[in-house]
Amino acid sequence: MLLPTQKSTARRGMSMLLIGLERLKAVDLLMFIIVMMAKLYLFSKFLEMNQMSMNNIDAQIELGAVLLVVCWTIWLPARGRIIALIVLNVILSFVLFADLIYYRYFQDLISVPVLLQLSQVDSLGGSIGTLLRVKDFIFFFDWLIIIPFAVYVIWRGRGDIRNSRSPSRRTAPLWRKAIVRIALSAVIFVTGTTLVFNHVNEAKRTWAHGIFVGAWWNLSIYNVTGALGFHGYDVFRYLKQNWLDAETVTAEQSAEARAWMKARGDLRGAMEQDPLFGAYEGKNVLMVQAEAFQNFMIGKSVGGQEVTPHLNKLIQESAYFSQFYHQTAQGRTADADLSANCSMQPVTNGAVFIQYAANEFDCLPETLKKNDYSTTVFHSYEGGFWNRNTMYHNMKYDKFYSLKHFNLDEKVGWALGDKSFFKQSLDVISDQQQPFYSFLITLSSHHPYTMPDTEKKLNVGKLNGTIMGDYLQSIHYVDAALGELVERMKAEGLWDDTIFIMYGDHDNSIKDWKMFETFLGEPLNELQREMILKQVPLLVHLPNDEHTDTYTNVGGQLDVTPTILHLLGISTADQYLIGTPLLTEQPLDGKKVVLRGGAWTDGTVYYMPSSDGIAENGKCWNIAANTAVDMNACIGTIEETRTELLISDQIVMNNLIEYFKEQASTEARVDVKSKDRSAVQTAARQ
């Protein structure tokens with residue numbers, strides 16, 4: 001029975017489509033599969049990742065994943081199945097879109113731990129807008145049809161299907177329908193499982209061996225499993241780590257981790273014979289973490305103007321480390337904070353500040369607080385962002401000054417401009433008890449680098465109107481703010497009684513290399529690009545301009561806390577820190593910096609891991625020669641560097657530092673009792 005003629009054309013069209021889908025079994029399923037495969041293909045193209053475009057095997061894996069996602073819908077009646085497929089379409093399309101935007105900023109895919117940080121997304125509105133492309137909305141083009149159709153199916157579909165059926169039409173018995181649906185869903189499930197796991201298992205056995213053990217990078221897993229497969233694995237991984245495994249580290253693994261950390265402590269303890277150990281005992285410490293401040297701008301000019309004139313001058317009066325690397329992952333600014341203040345590697349997925357804020361760490365503010373320092377941290381943004389309120393309380397800061405403590409008298413970028421931020425922060429610092437440790441986190445040079453016209457002081461030439469031009473303007477502004485901070489510290493008598501540290505937190509998320517080449521005036525090879533992405537400045541200014549030099553020994557953010565405590569003469573031999581002091585009379589022999597993605601460098605060679613996770617497929621570069629060399633120069637060290645990442649993950653994710661300290665306390669009590677007993681026995685014999 002057809003619809004009455006008075007019904008609208010749109011309604012008649014939807015009714016005919018619904019009735020057709022109800023009668024032509026599984027056509028709706030086929031349409032869903034075709035649409036999703038098209039979106040998955042476009043997703044792989046839009047990522048623009050070398051060697052990750054969808055090939056025939058990838059397409060089979062993605063098809064298998066789609067079949068596994070929809071196999072259960074066969075059990076539903078026509079209307080229920082159509083609605084379920086539309087809902088799946090909406091969810092999966094949004095996931096792919098979110099993955100794409102997230103990748104453009106973080107160069108990774110969204111994982112479950114990141115979803116626990118959704119409160120961060122609202123504050124990234126400005127950045128997200130700059131990451132969008134018109135072509136991205138093709139993911140939602142079919143929604144113009146399926147969303148209205150879903151509304152129709154829910155509200156009117158049942159009646160139209162019922163009215164379309166002829167009274168004489170015979171329906172199959174329920175048992176026969178059940179058998180058909182069971183058989184068909186089983187066929188789809190087996191086909192999907194075969195397509196996915198045959199190829200994935202083959203990859204695990206050959207070129208992707210060990211990829212699911214190390215999991216250095218989510219994109220490496222995506223390269224094996226496809227987009228839908230990655231998210232399925234990610235959910236499994238999260239449940240396994242947080243719910244299914246009652247004990248994620250064995251007693252043997254815990255002992256190995258403790259021994260590894262003790263060896264690091266012994267190494268730092270041996271370095272306490274260095275003349276600089278304790279050379280600045282009792283001095284104040286003021287440290288600045290500069291947002292997206294990268295090393296490639298230092299000493300550079302544009303339009304005849306220095307980009308960082310104040311920093312260039314300060315470098316001439318400080319210890320400047322020219323081979324210093326950020327070691328951040330998805331936590332970005334929060335990861336830099338963790339690495340510099342707690343000397344632990346960030347986790348692969350999400351941020352330690354979010355997931356493990358209640359865990360025990362040996363962080364700089366707590367150590368200094370135990371040595372009679374006042375400790376404060378300043379950041380002119382919401383205190384809940386990156387879970388700072390909780391984490392800073394656990395790190396034992398005396399006070400966290402967040403956005404609510406500042407007068408928003410200079411709006412630049414996300415919130416308060418850095419010039420006013422430094423001024424208002426120093427108002428507090430100048431009055432606090434000495435010695436002090438104050439940590440200032442800047443914000444004005446945050447992506448997408450929107451500066452007011454009055455603060456655009458550079459002539460950026462061809463880069464005017466580009467995000468790179470905006471970035472240079474924001475860095476120039478932050479440099480001026482740093483200059484004002486230093487001058488005021490000198491005027492108020494703090495400069496020569498304070499160790500001043502400044503470092504960059506992470507890269508600027510600009511991936512158009514033509515802009516970098518325009519600014520630098522030369523083409524860039526793969527190693528040069530990697531150096532730009534990973535290197536940030538570190539300078540340490542000591543009272544009376546002592547130990548001024550450019551230091552070429554390699555270092556990373558994990559070395560910041562050990563360096564500060566070394567200069568203050570506070571032993572870290574018994575602390576659970578990964579880094580080692582950088583500012584010493586003699587650089588540490590064999591020093592290596594390990595990056596979260598699996599790359600590492602000793603300052604001479606730089607190892608880039610392959611996206612497939614196979615060590616031999618990576619690249620080994622000679623830094624001085626700027627050329628790729630034989631892998632033999634790097635291969636012997638890869639396992640050692642992976643051990644650092646594994647040990648750090650075990651400690652952070654399982655709160656092992658708390659366990660280690662309990663063990664040490666118990667062992668100390670047993671040792672005291674043993675000595676007392678021995679003394680009593682000796683006295684009795686006498």
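Biologist: In this predicted model, how many of the five residues of strand β6 (residues 374–378) are buried?

Modeller: Look at one side of β6 to start. S374, T376 and F378 lie there, and they are buried. Buried means under 20% relative accessible area. So β6 is largely enclosed by the rest of the structure, and its count of buried residues is five of the five.

Biologist: Which residue in strand β10 (residues 436–441) stands opposite T375?

Modeller: β6 and β10 run parallel and are joined by five bridges. Follow T375 across to β10, and the residue opposite is Y437.

Biologist: What is the bridge partner of V377 in strand β7?

Modeller: β7 covers residues 399–401 and runs parallel to β6. Three bridges join these two strands. In β7, V377 has as its partner F400.

Biologist: Are helices α20 and α21 roughly parallel or roughly perpendicular to each other?

Modeller: The axes of α20 (residues 513–520) and α21 (residues 526–534) come within 12 Å. They cross at roughly 90°. Angles of 65 to 115 degrees count as roughly perpendicular. The two helices are therefore roughly perpendicular.

Biologist: How many residues of the contact of α20 with α21 are nonpolar?

Modeller: α20 brings W513, F516, E517 and L520. α21 brings R529, I532 and L533. None of these counts as polar, two are charged, and the nonpolar ones number five.

How values were computed. Residues are numbered from 1 along each chain as its sequence is written. This is a predicted model: local features need pLDDT of at least 70, side-chain atom pairs count only at pLDDT 80 or more; totals for chains, interfaces and linings use all residues. Side-chain values use heavy atoms; hydrogens and water are left out. Axes are lines fitted to C-alpha atoms, for helices over the stretch in contact, and angles run from 0 to 180 degrees between N-to-C directions. Helices (H or I, at least four residues) and strands (E, at least two) are DSSP runs, numbered from the N terminus. Angles under 35 degrees count as roughly parallel, over 145 as roughly antiparallel, 65 to 115 as roughly perpendicular and the rest as oblique. Contact means heavy atoms within 4.5 Å. Ala, Val, Leu, Ile, Met, Phe, Trp, Tyr, Cys and Pro count as nonpolar, Asp, Glu, Lys and Arg as charged, and the others, Gly among them, as polar. Buried means under 20% relative accessible area, exposed over 50%, partly exposed in between (1.4 Å probe, protein chains only). Two strands pair if DSSP finds at least two bridges between them.
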